[in-house]
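Please keep the sequence and the model in view while reading.

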Amino acid sequence: MSGADGGTWSIGELAGRAGVTVKTVRFYSDRGLLPEAGRSGGGHRRYGPGALARLREIRSLRALGLAVPEVARALEDEGRLADVVAGELRGVARERAALAWREASLRLLAESEGVERAELLPLLGAGELPPDTDAVVRFWRRSLPVRLPPPLVARVLDEVVPLPPDDPTPAQVRAFALLRGLVSDPRPERAPGPPLPGERYRAAVLYEGLAEAYDLAGAEVQAGRPPAGRGVLDCFAEAYARALGESDSPAFRSRLAGLLAREETTVMARYWKLAALLLPSDRPPLGLLHHHLTRALSESCAAARGARPPGVRMLGGRPSA
């Protein structure tokens, strides 16, 4: 079934067998993707059966959306093919997420009216789809201590920065758009406040201790119990005591309750309300856990004094009642 010239085919014969045009065969051959078996006496290209198999592989990969440079990489060896396919799958996932965000955004606009639609429209068109979290990360980094170890910074950001879901609902698109608008406000007072305003403390000690307290509180909630049991509250207060180089005591806790009540902002209450729609649902948001622990501390101090607990405010930009 091969040509008359030494068992090889001309470019036209190869094109006919593959069901493509001569121009297509020449295009791939010029780019070194088709192996030539040799040249005819007149200098014309000749191709063997391997070229036909290779041309079919090329057409299959192109039909799957691979660009010519990626096809060339994929055909180098099996390992390259696996890498290229993995990369294409990641690209498809991004495209699918972008389409899902576009659809949910359009549905959100269709469901909105008047003032709300006017507010949402510029926010929805403010970036690429799916949206990135750069603005939210910058918002939180402004409040983190400069010398906080990178692993702790990463852990904090993992807890407080919601990732855009791959298949969002219109409500989640709305929440993320409003969240990005909230954190993009350049005014300094809109950023999260420091955990202990005006106090000198060992940042790594504090954040490590708070992470332990939040983990314990989250486990309590998952078990169906109040998050601020005595052991959890002890861990919470001890984190601050160690960071400040003091001993945990009723007097210290009373002072701590006052420190945590220094700052009050509706910005972070708004932040956590929006973030709750986007963060994983397997545990309460960190801001809510902090709110419960701060409130429990204030109530326990008030009970010890026999007084009514003061209103709970904020810590590090996290919400309160």
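## Terms and basis

Buried means under 20% relative accessible area, exposed means over 50%, and partly exposed lies in between (1.4 Å probe, protein chains only). The model is predicted: local features need pLDDT of at least 70, side-chain atom pairs count only at pLDDT 80 or more, and totals for chains, interfaces and linings use all residues. Residues are numbered from 1 along each chain as its sequence is written, and side-chain values use heavy atoms, with hydrogens and water left out.

## A bridge between strand and helix

Arg46 is buried, at 12% relative accessible area. Its side chain forms a salt bridge with that of Glu13, at 3.9 Å from N to O. A salt bridge here is a side-chain nitrogen of Lys or Arg within 4 Å of a carboxyl oxygen of Asp or Glu. Arg46 sits in strand β3 (residues 45–47) and Glu13 in helix α1 (residues 11–18), so the pair ties together parts 33 residues apart in sequence. Helices (H or I, at least four residues) and strands (E, at least two) are DSSP runs, numbered from the N terminus. Glu13 is partly exposed, with a relative accessible area of 36%.

## Other salt bridges

The whole structure holds 17 salt bridges. One of them joins Arg73 and Glu70, with the closest N and O atoms 3.0 Å apart. Both lie in helix α4 (residues 68–74), three residues apart, which puts about one helical turn between them. Arg73 is partly exposed at 29%. Glu70 is partly exposed at 24%.

Arg255 pairs with Glu199, again by salt bridge, with the closest N and O atoms 3.0 Å apart. This pair links distant parts of the chain, 56 residues apart: Arg255 is in helix α12 (residues 250–260), and Glu199 is in the loop between α9 (170–183) and α10 (203–222). Arg255 is partly exposed at 33% relative accessibility. Glu199 is partly exposed at 21%. Elsewhere, salt bridges with shared partners join Asp30, Glu36, Arg39 and Arg45 into one network.

## The largest pocket

A pocket is an open set of points on a 1 Å grid over the protein atoms alone, where a 1.4 Å probe fits, with protein on both sides within 12 Å along at least five of seven lines; lining residues have an atom within 4 Å of a point. The largest pocket has a volume of about 200 Å³, taken as the space filled by probe spheres set on the points, which are joined across faces, edges and corners.

Its lining comprises 13 residues, and Asp158, Glu159, Leu279, Pro280 and Arg283 lie nearest the centre. Nine lining residues are nonpolar, none polar and four charged. Ala, Val, Leu, Ile, Met, Phe, Trp, Tyr, Cys and Pro count as nonpolar, Asp, Glu, Lys and Arg as charged, and the others, Gly among them, as polar.
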